[in-house]
Amino acid sequence: SFIKLWPTVKPGGLYFIEDIQVGKWRGFRRFSTANCEKEFTFSHKLQEWLDDLIYQGGYGSHKWDVHFMFCQAEACVLGKKPLESQTNLVKTE
């Protein structure tokens, strides 16, 4: 669902992810899809995204439009970069 919904989040908007722990339950990972292999867990993907946030495109990471990630037990929220920080325009006066 993230792949489909993230592009619809407006700049500066929030995306909430709940029940992250379910992905590691023993009986939960029985199926796979074209986008998610059976071994996929969302918590591992979040760890990759944290590297992306820290390194901003360096060291094999990706640079994308996540502004912040805040996680607590069983849930995270991702904040999309505000529109003004997504452009590389330099204001001149």
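Which residues form one aromatic cluster here? They are F2, W6, Y15, W49 and W64. Keep in mind that this is a predicted model. The chain has a mean pLDDT of 79, with 73% of its residues at 70 or more. Over residues 89-93, though, the pLDDT falls below 50, and beyond near neighbours in sequence that stretch has 0 contacts in the model. Among the elements, strand 1 (residues 14-18) has the highest mean pLDDT, 94, while helix 2 (residues 42-55) has the lowest, 83.

Back to the rings. The structure holds 7 aromatic pairs.

K80 takes us to strand 3 (residues 75-80), where 6 of 6 residues are buried. In a regular strand, side chains alternate between the two faces of the sheet. In strand 3 both faces are covered, with A75, V77 and G79 on one side and C76, L78 and K80 on the other.

Strand 3 has two partners to look at. It pairs antiparallel with strand 1 over 5 bridges, and there Y15, from the aromatic cluster, has L78 as its bridge partner. Strand 2 (residues 66-72) also runs antiparallel to strand 3, joined by 6 bridges, with F68 partnered by G79. In the hairpin of strands 2 and 3, which has 2 residues between the strands, E74 takes a positive phi near 70 degrees.

Terms used:
Residues are numbered from 1 along each chain as its sequence is written. This is a predicted model: local features need pLDDT of at least 70, side-chain atom pairs count only at pLDDT 80 or more; totals for chains, interfaces and linings use all residues. Side-chain values use heavy atoms; hydrogens and water are left out. pLDDT is the predictor's confidence in each residue, from 0 to 100. Helices (H or I, at least four residues) and strands (E, at least two) are DSSP runs, numbered from the N terminus. Contact means heavy atoms within 4.5 Å. Rings of Phe, Tyr and Trp (its six-membered ring) pair if their centres lie within 6.5 Å; planes under 30 degrees apart count as stacked, over 60 as edge-to-face and the rest as tilted. Buried means under 20% relative accessible area, exposed over 50%, partly exposed in between (1.4 Å probe, protein chains only). Two strands pair if DSSP finds at least two bridges between them.
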